[in-house]
Amino acid sequence: AQLILREVSNNTLSLDDPISDYVDDITNGDTITIRDCLMMRAGIPEVQAIGMFAVLFALIPTWPSTLHDVWAIIKNQPAAFAPNTSFAYSNSNYMVLGQILEAVRGESVITTINDACTLLGLTDTYMPADETETGLREPHADGYGGPLDDLLGQPGASVCTTFNPMWFNTYGGIISTASDLQKWAGHMRDGTLLSPTVHAQW
């Protein structure tokens, strides 16, 4: 979200642009605005609730899907509601915003994110380079709660540290540490990436 707002600060896009200016095949894309996505008022269905995602990730968490493979899952899905008529948190909004960043900047969103982390001094924060990086970089804690655990009614029963991070795309594919998150919070507070006008608004 902050990287989208940086583009707004740089006048390379507007919050009121329809997302169809940048991405194709999203239902109601010509009336959904970037602002709607940021405010969770776009009506784009939650990617993790779409059957194809849930089944594939549960069965093959290391399947070498790319960002664009996961993106394809939400294309042409029926809208949850008409744009700007309701609110529902949906990770799909962040997928759309990631694709908009790629369209505006002409580079991989992974590059954009990692360059921003470097700029902000977040030395332990990164988005994995691609689908082949299926483990966390050392050192790391183990995660618990594999995708099959929930389906079997046993949440948190197994270690789940090895998976393809591209499944979580631009809504959850960034890996960080507590100390870097504290630094990030300071940058959010201070509006480091934003113009004063955009910082005051958001």
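N28 sits in the loop between helix 1 and helix 2, where helices (H or I, at least four residues) are DSSP runs numbered from the N terminus. Its phi is near 65 degrees, a positive value in a residue other than glycine. With a relative accessible area of 29%, N28 counts as partly exposed, a label that falls between buried (under 20% relative accessible area) and exposed (over 50%), using a 1.4 Å probe and protein chains only. D25 is found in the loop between helix 1 (2–9) and helix 2 (34–38). Here too phi is positive in a residue other than glycine, near 70 degrees for D25. D25 is partly exposed because its relative accessibility is 39%.

A word on the basis of all this: the model is predicted, so local features need pLDDT of at least 70 and side-chain atom pairs count only at pLDDT 80 or more, while totals for chains, interfaces and linings use all residues. Residues are numbered from 1 along each chain as its sequence is written, and side-chain values use heavy atoms, with hydrogens and water left out.

Next come the pockets. A pocket is an open set of points on a 1 Å grid over the protein atoms alone, where a 1.4 Å probe fits, with protein on both sides within 12 Å along at least five of seven lines; lining residues have an atom within 4 Å of a point. Volume is the space filled by probe spheres set on the points, which are joined across faces, edges and corners. The largest pocket holds about 770 Å³ of space. Of its 31 lining residues, A1, Q2, L3, I174 and W184 are the closest to the centre. Helix 1, helix 5 (92–105), helix 6, helix 8 (169–172) and helix 9 (178–190) each give two or more residues to that lining. By type, the lining of the largest pocket splits into 22 nonpolar, eight polar and one charged; Ala, Val, Leu, Ile, Met, Phe, Trp, Tyr, Cys and Pro count as nonpolar, Asp, Glu, Lys and Arg as charged, and the others, Gly among them, as polar.

The second largest pocket comes in at about 220 Å³, and its lining has four nonpolar, five polar and three charged residues. Among the residues lining this second pocket are Y126, R137, E138, P139 and H140. The peptide bond from E138 to P139 is cis, with omega near -10 degrees. P139 itself lies in the loop between helix 6 (109–119) and helix 7 (147–151).
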